[in-house]
Amino acid sequence: MWAGTLGAVTDYTAWERLCTLIDDDPEIWPSVQQALEGESLDEDEDMGKDQSGEDRDESGVEEDDGADEAWGALIDALDDCGALAYLHAEDTGMELADALAGVPRIVRLGLDTDEVGDVDGDVPTAAAAADALLAPAGLALVFLEEDSDAHPLVVVPRESVTEIVDTAAALGFVARQLP
């Protein structure tokens, strides 16, 4: 029992640290914590549908520890506070420039993202231009993997990138610096 409790505390600590590293908005961690505690219901549960068999291993033991919901809650909370630049694979530099222009860290510094919009090419190509714009300000662009077509991007302090990537990996998720 103690080891399980210790593991849960460590996971909560890691999740809280990840939230804090990515953005300083005070609403992000409570949203993630709520998801970890299973307080958010999905549509099937709301409608009273049975979900038996889902998220279970061969023994029938439920495997879901709330991590997937917490990752989704993190991305949603970042979006809600304006810290997320959410793009799709087919987007271009213009969409990235527009998305970055509203990110609080960019707004506070008064960075002009127009040069990112002038870049021809896909999101990774535009991300290289964005990173060049962000680097002198000590910031970096980090991709939070969600699905194959989505590009949720956050602007973070450059010195936090390694810890963000490592903490996300320890929690079973992918975060990586772009480009």
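1. Order of elements. From the N terminus on, the protein chain runs α-α-α-α-β-α-α-α-α-β-β-α-β. That gives nine helices and four strands. Both are DSSP runs numbered from the N terminus: helices are H or I with at least four residues, strands E with at least two.

2. Basis. This is a predicted model: local features need pLDDT of at least 70 and side-chain atom pairs count only at pLDDT 80 or more, while totals for chains, interfaces and linings use all residues. Residues are numbered from 1 along each chain as its sequence is written, and side-chain values use heavy atoms, with hydrogens and water left out.

3. Whole chain. Of the 179 residues of the protein chain, 39% count as buried. Buried means under 20% relative accessible area, exposed over 50%, and partly exposed in between (1.4 Å probe, protein chains only). Take the contacts with a separation of 6 or more: 58% of them join residues 24 or more positions apart. Contact means heavy atoms within 4.5 Å.

4. Helix pair α5 and α8. Helix α5 covers residues 93–101 and helix α8 residues 123–134. They pack at an angle of about 40°, with their axes 9 Å apart. Axes are lines fitted to C-alpha atoms, for helices over the stretch in contact; angles run from 0 to 180 degrees between N-to-C directions. α5 and α8 are therefore oblique to each other. Oblique is what remains after roughly parallel (under 35 degrees), roughly antiparallel (over 145) and roughly perpendicular (65 to 115).

5. Residues of that contact. α5 contributes Gly93, Leu96 and Leu100; α8 contributes Ala126, Ala127 and Ala130. By class, the contact of α5 with α8 has five nonpolar residues, one polar and no charged. Ala, Val, Leu, Ile, Met, Phe, Trp, Tyr, Cys and Pro count as nonpolar, Asp, Glu, Lys and Arg as charged, and the others, Gly among them, as polar.

6. Salt bridge Glu163–Arg17. The structure holds two salt bridges. The term requires a side-chain nitrogen of Lys or Arg within 4 Å of a carboxyl oxygen of Asp or Glu. Glu163 and Arg17 meet at 2.8 Å, N to O. Glu163 lies in helix α9 (residues 161–170) and Arg17 in helix α1 (residues 2–22), so the pair ties together parts 146 residues apart in sequence. Glu163 is partly exposed at 32%; Arg17 is partly exposed at 37%.

7. Salt bridge Asp131–Arg158. Here the N to O distance is 2.9 Å. Asp131 sits in helix α8 and Arg158 in the loop between β3 (150–157) and α9, so this pair ties together parts 27 residues apart in sequence. Asp131 is buried, at 12%, whereas Arg158 is partly exposed, at 28%.
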